[in-house]
Amino acid sequence: MSTDVDVLVVGAGPTGLTTALQAHDHGASVRVVERRPEAFRPSRAMILHPRTLESLRPLGVVDELLDRADRAPRASVHLGRRVVDVRLTDVTWPGTPYPHLTLARQADVEAVLGAALQERGVTVERDAELVTASTTDDAARAEVRVGGSVQQVTSRFVAGCDGPASTVRRIAGVGWRGGPYREEVVLADVELDAALAPGLLHVVVGRPGLVFLFALGEGATWRVLATRATTGHGAPFGQPGEPVPASEVHRLLEAAGLPAAVTDLRWSARVRLQHRMAGAFRRGRLFLAGDAAHAHSPAAAQGMNTGILDGVNLGWKLAFAASGCGDPEALLDSYGLERRPVDRRVLALTHLVFYGEASTTPLPTLLRGTLLPWAAPLVPTVAAQPRVMALLVRLLSQDWTSYRSSPVSADGRSARRSPRPGRHLPDRAVVHEGRRRRLHELTANPGIHLLLDRDAPAPDARGLGPWVSTHRLQSSPGHGLVAVRPDGFVGFGTAERDPEGLARWLERVCTPERVVRAEGPLSRSSSPV
């Protein structure tokens with residue numbers, strides 16, 4: 001059956017834009033539709049983690065993101081009358097080129113990703129709403145309302161990146177398990193009369209809950225994020241609801257113990273929160289990612305990051321499956337098999353952190369109001385330890401993610417000790433073509449990257465396929481190799497020569513049958529092998 005496009009992406013938030021970019025850059029034709037006539041402002045997410053930046057690097061957008069961001073953030077933590085300064089940069093984490101938290105507005109992330117798609121000839125279609133969709137064995141048929149007319153769109157796959165109230169999830173008949181929180185978030189862009197150090201992230205620990213003041217307000221100097229008991233019904237979960245009066249914002253700051261007066265309120269909204277997980281991330285040719293697949297509180301700044309990581313994982317698999325590469329069913333099934341356990345753990349992490357930040361039950365209230373201020377003198381010593389901060393950043397960055405049991409993770413005949421298949425490739429210095437390089441420089445392009453040990457035999461180029469690059473590491477003794485997937489995770493590794501094992505893995509992941517039988521070198525090699 002002929003199709004209009006390989007991948008129809010529904011939703012143009014960070015998840016949808018990342019999915020579209022990843023799919024496009026791995027050979028798929030892509031169409032992106034977004035029901036909102038304009039991009040939403042102001043931003044709801046404000047932080048990018050190191051693993052997120054690493055995963056976006058092959059898409060060529062990280063430099064622009066960092067130019068718009070605060071790459072050396074500092075925080076002032078207000079514990080009662082004591083204020084503790086904490087540096088959030090240059091943590092002791094040698095395995096990443098971005099050893100810091102990055103303050104970046106969601107609006108800027110969407111702008112950069114959208115511009116990258118535009119440069120590739122893919123325009124985000126706004127005021128375009130998915131009405132319905134159905135699937136067959138070889139295609140998905142969708143109806144999209146554009147303005148006043150309804151278009152018929154045939155695609156190989158539909159990626160539902162359309163938020164907590166996902167139309168794709170409803171059409172797919174996927175359950176939405178979980179429930180609402182008893183607390184809600186108040187967002188506001190304000191000017192304050194307060195003795196606050198400018199340009200810093202201020203975290204105020206109060207008995208009623210935590211208050212965050214970001215120096216990234218889009219309509220004013222400060223963006224306030226505070227929690228309070230929910231005030232009832234309103235906008236859909238996760239979406240900005242009715243405005244909050246300046247007097248209420250002032251009371252939240254005052255209750256947290258911050259001596260600040262709101263002198264100008266430019267924008268505000270209350271946001272209802274929930275914790276839910278989709279019962280499946282795939283139904284036939286319909287896929288769910290980001291907030292359409294999992295919804296949680298803003299605690300630990302996981303929402304935008306987790307959605308982007310979903311998109312990086314899903315996009316290349318949709319593209320390869322659409323082109324007939326590898327074993328399409330194994331590739332497509334691996335998305336949910338890999339991401340659902342990770343996203344479930346993220347949901348548990350945010351649930352625990354949010355309980356400590358915002359719950360009004362006795363234990364967290366005691367912790368915030370009494371124990372933390374009492375322990376304030378110890379905080380500077382602990383926060384000054386780079387390794388302690390590294391543990392925190394690695395936790396928030398989901399460095400614990402493993403796809404070890406995935407159908408597209410495999411050991412060779414002689415398993416490598418490190419890096420293991422299913423783990424993210426750590427960054428380190430290597431010698432390549434006689435020059436000192438970083439591993440992530442070598443893998444900073446779309447496709448699959450084979451990292452050959454110094455004495456490893458060269459693989460047969462005829463069996464590699466068009467999406468495979470090879471790099472010989474002269475500083476890595478041995479006869480083995482590592483295959484790095486497009487999302488930065490190791491897919492295959494062997495400590496010794498194992499051409500049969502590599503061929504089996506490539507046939508499952510990315511090698512079309514026509515390339516296996518083709519004559520001549522079709523691989524993209526960055527060094528003589």
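Author: Let us start with a term: an angle between axes under 35 degrees counts as roughly parallel, and one over 145 degrees as roughly antiparallel. Please keep in mind that this is a predicted model.

Reader: How is a pair of packed helices described?

Author: Two packed helices are described by the angle between their axes and the distance between the axes. In this structure, helix H1 (residues 14-24) and helix H4 (residues 106-119) have axes that come within 9 Å and cross at roughly 25 degrees. H1 and H4 are therefore roughly parallel to each other, and their crossing is left-handed. On the H1 side, the contact is made by Pro14, Leu17, Thr18, Ala20 and Leu21, and on the H4 side by Gln106, Val109, Glu110, Leu113, Gly114, Ala116 and Leu117. Sorted by class, this contact of H1 with H4 has 8 nonpolar, 3 polar and 1 charged residues.

Reader: At what angle do H1 and H7 pack, and what is the hand of their crossing?

Author: The angle between H1 and H7 is about 30 degrees, with the axes 7 Å apart. H1 and H7 are therefore roughly parallel to each other, and the crossing is right-handed. H1 contributes Pro14, Thr15, Thr18, Thr19, Gln22 and Ala23 to the contact, while H7 contributes Met304, Gly307, Ile308, Gly311, Val312, Leu314, Gly315, Trp316 and Ala319. This contact of H1 with H7 has 8 nonpolar, 7 polar and no charged residues.

Reader: How many residues of H1 are buried, and what covers them?

Author: The term buried applies under 20% relative accessible area. In H1, 10 of the 11 residues are buried, so the helix is largely enclosed by the rest of the structure. The cover over the buried residues of H1 includes S1, S2, helix H2 (50-56), H4, strand S10 (149-160) and H7.

Reader: Is Lys317 buried or exposed?

Author: Lys317 counts as buried, at 1% relative accessibility. This lysine has its place in helix H7 (residues 303-322). Apart from neighbours within four places in sequence, Lys317 is in contact with Leu331, Leu332, Ser334, Tyr335, Glu338 and Arg485.

Reader: Let us turn to strands. In what sense do S4 and S5 run?

Author: Strands of a sheet pair through backbone hydrogen bonds, either parallel or antiparallel. Strand S4 (residues 74-79) and strand S5 (residues 82-87) run antiparallel and are joined by 6 bridges. Leu79 has Arg82 of S5 as its bridge partner. Together S4 and S5 form a hairpin with 2 residues between them, and Gly80 in the turn has a positive phi of about 65 degrees.

Reader: Which strands stand at the edges of the sheet?

Author: The open sheet has 8 strands in the order S5-S4-S12-S13-S14-S11-S15-S18, with mixed pairing. S5 and strand S18 (294-295) stand at its edges with a single partner strand each, so one side of each is left without a neighbour in the sheet. Within the sheet, strand S11 (residues 176-193) and strand S15 (residues 261-278) pair in the antiparallel sense over 15 bridges. Arg177 stands opposite Met277 in S15. Helix H6 (residues 246-255) packs on the sheet and touches S11, strand S13 (209-214), strand S14 (222-229) and S15, its direction making about 75 degrees with that of S15.

Reader: Do S1 and S2 run parallel or antiparallel?

Author: Strand S1 (residues 5-10) and S2 run parallel, joined by 4 bridges. Val7 stands opposite Val30 in S2. Strand S2 (residues 30-34) is mostly covered, with 5 of its 5 residues buried. Its faces are both covered: Val30, Val32 and Glu34 are buried on one side, and Arg31 and Val33 on the other.

Definitions and conventions
Residues numbered from 1 in each chain as written. Predicted model: local features only at pLDDT ≥ 70, side-chain atom pairs only at ≥ 80, totals over all residues. Heavy atoms only, no water. Axes fitted to C-alpha atoms, helices over the stretch in contact; angles between N-to-C directions. Parallel < 35°, antiparallel > 145°, perpendicular 65-115°, else oblique. Left-handed = near helix turned anticlockwise from the far one by under 90°. Contact = heavy atoms within 4.5 Å. Nonpolar A, V, L, I, M, F, W, Y, C, P; charged D, E, K, R; others polar. Buried < 20%, exposed > 50% of the residue type's maximum accessible area, 1.4 Å probe, protein only. Pairing = 2+ DSSP bridges.
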